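Have a look at the chain and the ligand first, then read on.

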Amino acid sequence: MQNIFDEHVVEHLIGVEARGACLTMETGFEALRSLGLEDFADVLWNMPVAETPNLSAVLPKMTSDDVTITWTGAAGHRLLQQSVSFVRSCSENYTTITGQSLQDKRILDFGCGYGRFLRLFSFYSNDVQGVDAWELSLGHSREAGFGDRVRKSDAVPCSLPFDEPFDFLFSFSVFTHLSEASTVASLAALRTAAKKGAVLAITIRPIEFWTVVNEGITHLDASKIDTRRLIEYHKNVGFAYHVQGATEESLPNEHYGDTSLTLDWLTKNALGWQLERLDRSLNDRQQRYVFLRAV
Ligand SMILES: C[S@@+](CC[C@H](N)C(=O)[O-])C[C@H]1O[C@@H](n2cnc3c(N)ncnc32)[C@H](O)[C@@H]1O
């Protein structure tokens, strides 16, 4: 464990083990919160740890690098840094918009994938739920230990499968992929799942995404995509979408591909949401953070 963590973290974990007080995932999270966000995240990124059998039994297992790379393009420390940037921005902007802290709030991760942010937002609250339209993604979250926190949604949802409304809702790297029909429906479904005054954080791609595709450094093959047309769509319509499978090897998926959209388009189409604030992390340039408030 000394090879993985600094001394203060090792001492903290040994103390928690010695007390033997972690019987549930919630008490496991609670035992780590006093470490602060990034050490909290680092411990979760390395679970299970052989020397901490009690904690490892209740905390979620970290997903394998091959899955995190396929779902989110990075693994290990780089993934942790990119992820923590978003979490810190959400915490700061939630407080600026509402005047309250994220602590103990009811939180929803829309398109939760393998549960990367189910882990990290547990720094603030034990009430962090996830929803995703793909069984394969939900399977990875369940395998990590989030079985009782994740539910299935429709690709073009009318509503989301929760009875109690949320204070904070977020969706990282999901609106960067959805069709226009799915985007409009998902924003409306999220509004029905939100309390009045709740905050929604989504990520969107800037127009430069299509230029980066042309440079050949994304998962897309530029030679098979008409990026000039997509840039025109972004400029003229405000929404550009390249459906997955349209020209690649994978099977077409009508509502999933690659998407860029403008703030103007969002303002006109995100009914019941008001644009409040913007942010971005320059270590993950293709994810612009947009904060909306439920009105
Ligand atoms: C690039 S991954 C991001 C996963 C997760 N948000 C993260 O950042 O770690 C995109 C996720 O969107 C999910 N997804 C695809 N279509 C969706 C839809 N229509 N509604 C909700 N989730 C969807 C996929 O299953 C996948 O988990």
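First, the ground rules. This is a predicted model, where local features need pLDDT of at least 70 and side-chain atom pairs count only at pLDDT 80 or more, while totals for chains, interfaces and linings use all residues. Residues are numbered from 1 along each chain as its sequence is written, and side-chain values use heavy atoms, with hydrogens and water left out.

**The chain as a whole**

The protein chain has twelve helices and nine strands (DSSP runs numbered from the N terminus: H or I of at least four residues for helices, E of at least two for strands). Its radius of gyration is 19 Å, which agrees with the value near 19 Å for a compact globule because the chain has 295 residues (taken over C-alpha atoms; the globule rule is 2.2 Å times the number of residues to the power 0.38). The C-alpha atoms fill a box of roughly 60 × 40 × 30 Å along the principal axes. Buried residues make up 53% of the 295, where buried means under 20% relative accessible area with a 1.4 Å probe, protein chains only.

**Around the ligand**

Which residues come nearest to the ligand? Of the 20 around it, they are Gly 111, Arg 116, Asp 132, Ser 137 and Phe 172 (a residue is near if one of its heavy atoms lies within 4 Å). The table lists polar contacts, meaning pairs of N or O atoms within 3.5 Å.

| Protein side | Ligand atom | Distance |
|---|---|---|
| Ser 137, side-chain N or O | oxygen | 2.7 Å |
| Phe 172, backbone N or O | nitrogen | 2.8 Å |
| Ser 182, side-chain N or O | nitrogen | 3.5 Å |

The protein covers 98% of the 590 Å² of accessible area that the ligand has on its own (Shrake-Rupley method, 1.4 Å probe). Helix 5 (65-72) and helix 7 (116-120) are the elements that give two or more residues to the shell.

In helix 3 (residues 37-45), the buried residues are Leu 37, Phe 40, Ala 41, Val 43, Leu 44 and Trp 45. They pack against helix 1 (7-19), helix 2 (25-33), helix 6 (76-98) and helix 7, with contact meaning heavy atoms within 4.5 Å.

Ala 222 sits in the loop between helix 10 (208-214) and helix 11 (227-236). Leaving aside neighbours within four places in sequence, Ala 222 is in contact with Val 213 and Asn 214.

Definitions and conventions:
Polar contact = N/O pair within 3.5 Å; in protein donor to acceptor, adjacent residues only side chain to side chain. Buried < 20%, exposed > 50% of the residue type's maximum accessible area, 1.4 Å probe, protein only.
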